[in-house]
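Here is a short report on one protein model. Look over the sequence and the structure, then read on.

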Amino acid sequence: MRTVTILGATGSVGTSTLDLIEREPDLYRVRALTANCDVVKLAAAARRTNAELAVVADEACLPALRDALAGTTIRAAGGRAAVIDAAASDADWTMGAIVGCAGLEPVMAAIGRGRTVVLANKEPLVSAGEVILAAAAASGATLLPADSEHNAIFQCFDPAQVAQVRRIVLTASGGPFRDWSLADMAHVTPAQAVAHPNWSMGAKISVDSATMMNKGLELIEAARLFPVDPDRIEIVIHPQSVIHSAVDYVDGSMLAQLGPSDMRVPIAHCLAWPQRMATPMAPLDLIALGRLDFAAPDPIRFPALRLAREVLRAGGARPAILNAANEVAVAAFLAGRIGFLEIAAIVEHTLDHYDPPAPETLDAVIAVDARARIVAGARTEDRTA
């Protein structure tokens, strides 16, 4: 039996992970579940799985959580420190699915245990890649990618044949506006931006997909995870989201991973790794699919891709600044304070006006993140004034 902790248990990745675990109750035992403040969903999940511990990051929600768990043996805790303690619990397998830089410290705590840590949120590797990878090497932790694209690469990438890898192909759905003009994109509403055509995701990630910043962050993440020259990582629009990514070898062979647009597939791969487990997904019907389409992304309509590649080449603190500024801009867009096209503009402004030394510790990364948010927030206020 494998013991499991889920950081971010009430989000889309967390609930997908719980669905798989609950289908195999004899194979997995839940140590801890965390959430921000969704007490109803967290308590229900903890009860269903008989978790040992349930934690809310917002300590003001702790009394409600205790009430919801009354009559059970499940312990309840609240606050940032409690989330980090839960992450450091002695679990064999930890899912890191806390959106944004809020997931940095918990993921680092889990890595410190030297067990298996699954990365579903991009921020640890984007903002603190060198720090995270060094910590994993020091503790002996195994890092597994749960993003569908990076998990696909992981399944196709032969670490013993790195010199024979010609390129990595990251596929992208293109989001809901892949065929829209710039003039039309200027009037995009938050409701339109979160309506992804293929995937069911949270609001922030859905907006990132719509701007293609999501793919820019994935570009940086792929460069951290797989030892190839970043210029050999190519992004290709693939509207059907069936091929989740591919690895091209020098002999002309291209290995691709195909599957349905459901996060339970890559999560199941990580949950059972190095074995495989059954999922409720129907077999992929290639005949019904009929065709698969591909196109090059448009850097004019989607400047986030250019910004991400520039940041990747520059290194240092630049990836952390990109990520922090994007989080601020997306939040402002979802609140109706700025337009859709202003998201990338605010990120670029922040990169142009803040250039600190490369952070060498997690505390330094967090400090860079905090300052970048201030710069991006000030620019956002200027836009809404």
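## Cysteines

The sulfur of Cys156 lies 14 Å from the closest cysteine sulfur, that of Cys270, which is too far for a bond. Cys270 is in no disulfide (a disulfide is a pair of cysteine sulfur atoms within 2.5 Å). Cys156 is buried at 10% relative accessibility, and Cys270 is buried at 1%. Buried means under 20% relative accessible area, exposed means over 50%, and partly exposed is in between (1.4 Å probe, protein chains only).

The whole structure holds one disulfide. It joins Cys37 to Cys61, with an S to S distance of 1.5 Å. The angle about the S-S bond is -85 degrees, so this link is left-handed. Cys37 sits in the loop between E2 and H2, and Cys61 in the loop between E3 and helix H3 (62-68), so the pair ties together parts that are 24 residues apart in sequence. Cys37 is partly exposed at 32%, whereas Cys61 is buried at 9%.

## How to read the model

This is a predicted model: local features need pLDDT of at least 70, side-chain atom pairs count only at pLDDT 80 or more, and totals for chains, interfaces and linings use all residues. Residues are numbered from 1 along each chain as its sequence is written, and side-chain values use heavy atoms, with hydrogens and water left out.

Helices (H or I, at least four residues) and strands (E, at least two) are DSSP runs, numbered from the N terminus.

## Helix H4

Which residues of helix H4 (residues 80-87) are buried? They are Ala82, Val83, Ala86 and Ala87. Seen down the axis of H4, they fall within an arc of 145 degrees, so they line one face of the helix. The arc is that of the directions from the helix axis to the C-beta atoms. The face turned away carries the exposed residues Ala81 and Asp85. The cover over the buried residues of H4 includes strand E1 (2-7), E2 and helix H5 (104-112).

Thr34 is in strand E2 (residues 28-35). Thr34 is buried, at 1% relative accessible area. Beyond its neighbours within four places in sequence, its contacts include Val83 and Ala86. Contact means heavy atoms within 4.5 Å.

## Backbone details

Asn50 has phi near 55 degrees, a positive value in a residue other than glycine. Asn50 is exposed, at 52% relative accessibility. Met212 also has a positive phi, about 70 degrees. Met212 is buried, at 2%.

The peptide bond from Trp273 to Pro274 is cis, with omega near 10 degrees. Pro274 lies in the loop between helix H12 (264-272) and helix H13 (286-289).
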